[in-house]
Amino acid sequence: MLTDHELSQLCKHLGFSEKAIAVIKYIRSSDPSRRVRSASGNVSGGYSSHKMGFTIQFESHKNELPYIHQTEHNADVLEYYDQPPFIKLSYTLQKGERAGRQVAFNYTPDFFLIKKDSVGWVECKMEEELLKLAEEHPERYLRDEDGQWRCPPGEEYAKQFGFFFQVVSSASINIIYSRNIVYLEDYLRDGNCSANQRAATRILSLVAEEPGITVEELRQRADQASSDDINILIAKELLYFDLYSAPLADQKNAHLYCDKETADAYSIMLEQPFCPPNRDTNAIVVAPETTVLWDNKPWTIVNIGESKITLISEDEKQSVTELRLERFYNLIAHGSFTGLKNNVQDALDVEKVRELFTGARREDFKVANYRQAIVMSVLRKESSAGDFKETERTVWGWVGSYRKALNLYGNGYVGLLPKTKGRGNRTSRVRDDTLKLIREFIENDYQSLKQENKATVYGKFLDKCEAEHVPEASYKFFIGEINKYSAYEETKKRKGRKAANNLKPWFWDLEWSTPRHGDRPWEIGHIDHTQLEIELIHSQTKKNLGRPWVTFLTDAYSRRILAMFITFDKPSYRSCMMTLRECVRKHNRLPQIVVCDGGSDFRSIYFETLLARYECTRKTRPWSEPRFGSTCERLFGTVHTQFIHNLTGNTQIMKNVRQVSKSVNPKELAVWTLESFYDLLCQWCYNYYDMQEHPALGQTPREAYSSGLVMHGARANTHIPYDEDFIMFTLPTTPRGNAKVQPNSGIKIRNIFYWAKAFQDPEVENILVPIRYDPFDASIAYAYVKGRWVHCVSDFRQDFKGRSEREIQLASKELHQRNRRHGQQFNITQKQLAVFLRTADAQEEILMQRLHDSEVKSVLGTINSGQIYEDTDKVPHNLVQGLNDNHSIPNLETKTSSQRSERNLKMYEDY
């Protein structure tokens, strides 16, 4: 980011006025004017910007997020901010009854850019939306003569400051580039990653010898070179790959060059037609669908790659062959390849061929295949025209049609397709006014929340026809018109949006060129919660504790379960943080993109901060759209049908609760404790499920995961050590994030005071320090004092020891209610809270929470294995870069696993 001096020099260079400079400074110092949300099918989220050092919001992953990718890696863009403060636009209406009226409104653009040569606002919109807005509000959005979208009111407002106002359409966004950026971003963000020197030398020599070699061929031929080595060389621009032309993940079609100039030269060469010099043979244009003669047999060019060309024979065998481009051109030069006629390529019309193929039906292809076999037999003189059941005139007609299509389109097969267009009378026998009336009744009466049946609506239609003297239509025709409407839209209008979810089309792709589940492992991870259909009991009292909640984090590419967390508490930020903690404990990394729903637990500041710290992009699914998260939704069904429903105490019988007697009630049959159930669930998730063939993959999740890492790179540079650094990042803080050190009292967190020896320093008193607390133990907290984290304890440590944040909240709520009934003060002191927790008259809800927390300790002990803070006054200190920019944070000394395990047991012994 720019320093104040650099910004002043830039504004001076661009000649901005004091007013313009004030606008720039105000935007730079302001928070986003609004929080984006997912609605109407859009996927919103936050992108962790390496350039800006904070999260950039996006409202659409099809438009705004790809634009962010372009802006992030555009060297001309110095800074960019999302959702800047609103600006006031105005314009004069030109059409309609309100023509001449002035319209003014507040408008929030999507981004504000500071570039090397200009400054201004940017608005991103989908092309379809712009077309609609241009028709409804032509004064506000229009397309100029160059085909560029503009917003005249926005341009007029920006002009007063010397800024620009740009409208970016989704049609101008290159999705392939965005996909490649996501693929390479792990390397682009790490300035220290480097390829193996020996492997890099081998890779560069192979690319120099064979320009245009594919990534797949390079991986096979480069000894001891991994996908990581290739990706790093591309990211460091030591190898050239056109990020705009093809997805790098498609390794069969991803061609590599030594530099851009070589790539451009090969591209120009392949685009030029090849004419053999000083020969009388017909000129050949090297293009798809071109038919050439090779050894007096017709062959069709079907694909032209960077280094090879693919041809298919037009005989009954339809043989396929591949030739190196150099050999293909040499064969043309020596006359081995010749054209059919001089005017063949002049009449080449690939689009016409595609149109003919698209319009054909299955039956048409069956007829054309039969005719093709006969025609090729006659042309090769293997048979005569009179050897078939058809007449000779018919057979020779097929031969003529084949040759004519070959000359016109470069493909004789299309001439054999049956010509079915124009047959029959396709004019509707129902008058237009009758059709209009039918559609009105369907849209206004049938497709309504009244849910009238078809016969009733048809009766109303007949009455209307009689009253207005409009010709009637049959009931069969009326039903046929209803069936032409989308089943999803019909159900949505009759029963509501949620009822129509099952009929909604699947979201197969995020975009036409973007795979729905990513290109590789660890690119997209889905996280979600569900309540399991099983009753559990307390390990000691045998009291029924109810049904647990489980949180799953799955890898979308391989469908592998990366991590899980189980608890009795309803979904909260604690479940999310512990699941991410378990993921790093098991794999030492986090997904590059985390997809979640719009629940408050996923919108917590702790969850978003943790993802931003490790540069993970967060995507939020639209509300009430479960199919956006189908990976987790399917897993929920699988874990119940294959695992939960086979255990004693499962609650599937409760679907017919009136038929459940005491002897079969799951609450009476429950035998599993949380600890034993958690161990068994881990075995199922990480071993059994991981080794079963997935129907969507054709292989097991573990196999898909392993092969994906080999093909697309293990990306060891994304390693996250499971140490005190990471553990501290998963602990929550207060909304303010800091607290004031009060003399002789310490810091106050949620009405509880915490003290540490470091607070005795006079320089620390009455200053704000960053803080963290343990949501599972209210007796301890952490403060960042003079460049290190210190361990703080409560004055009532014995009363708060082992008390979870949830129990403290319930106790505080109960105390508030009691004081309100007795007319006492509403402020709860830590002493009152400690005394209340010490007494035995707590409510059943609090007692049940204590039982829940005591059972969860086994799960916490497993997830937190390997970490603890052994010194009550010295806690790991290089934890949160950026919490306090005024302190330098030294490196953390590595501890052995045995030492961490011993400290972990000590920390959680009170559970």
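Student: Which residues does Thr-673 touch, not counting residues up to four places away in sequence?

Tutor: Contact here means heavy atoms within 4.5 Å. By that rule, Thr-673 touches Leu-536, Ile-537, His-538, Ser-539 and Glu-855, once residues up to four places away in sequence are left out. Before we go on, a word on the source: this is a predicted model, in which local features need pLDDT of at least 70 and side-chain atom pairs count only at pLDDT 80 or more, while totals for chains, interfaces and linings use all residues. Residues are numbered from 1 along each chain as its sequence is written, and side-chain values use heavy atoms, with hydrogens and water left out.

Student: Where is Thr-673 placed, and is Thr-673 buried or exposed?

Tutor: Helices (H or I, at least four residues) and strands (E, at least two) are DSSP runs, numbered from the N terminus. Thr-673 lies in the loop between α22 (666–669) and α23 (674–688). For accessibility, buried means under 20% relative accessible area and exposed over 50%, with partly exposed in between (1.4 Å probe, protein chains only). Thr-673 has a relative accessible area of 14%, so the residue is buried.

Student: With which side chain does the side chain of Thr-673 make a polar contact?

Tutor: A polar contact is a pair of N or O atoms within 3.5 Å; within protein, one must be able to donate a hydrogen and the other to accept it, and residues adjacent in sequence count only if both atoms are side-chain atoms. For Thr-673 the partner is the side chain of Ser-676, at 2.9 Å. You can read Tyr-141 likewise: its side chain makes a polar contact with that of Tyr-107 (3.1 Å).

Student: Where is the place of Tyr-141?

Tutor: Look in the loop between α4 and β8 (142–143). Tyr-141 counts as buried, because its relative accessibility is 2%. Cys-151 is 10 residues away from Tyr-141 in sequence, yet the two C-alpha atoms are 4.8 Å apart in space. Leaving aside neighbours within four places in sequence, Tyr-141 is in contact with several residues, including Glu-123, Leu-130, Arg-150 and Val-167.

Student: In which sense do β4 and β5 pair?

Tutor: Strands of a sheet pair through backbone hydrogen bonds, either parallel or antiparallel. Two strands count as paired if DSSP finds at least two bridges between them. Strand β4 (residues 87–92) and β5 are antiparallel, with 6 bridges, and Ser-90 stands opposite Ala-104 in β5.

Student: What is the order of the strands in the open sheet of 4 strands?

Tutor: The order is β3-β6-β7-β10, with mixed pairing. The edges are β3 (77–82) and β10 (164–169); each has a single partner strand, so one side of each is left without a neighbour in the sheet. Neighbouring strands of this sheet are turned by 25° against each other on average, direction ignored. Such angles come from axes, which are lines fitted to C-alpha atoms, for helices over the stretch in contact, and they run from 0 to 180 degrees between N-to-C directions. Within the sheet, β6 (residues 111–115) and β7 (residues 119–125) run antiparallel and are joined by 4 bridges; Ile-114 has Val-119 in β7 as its bridge partner. Helix α2 (residues 18–29) packs on the sheet, touching β3, β6 and β7, and its direction makes about 120° with that of β6. Helix α4 (residues 127–136) packs there too, touching β7 and β10, at about 95° to the direction of β7.

Student: Which residues of α24 are buried?

Tutor: They are Pro-701, Ala-704, Tyr-705, Gly-708, Leu-709 and His-712. Seen down the axis of α24, these buried residues fall within an arc of 130° (taken from the directions from the helix axis to the C-beta atoms), so they line one face of the helix. That face packs against α6 (175–188), α9 (227–235) and α19 (573–587). After α24 comes Gly-713, whose phi is positive, near 105°.
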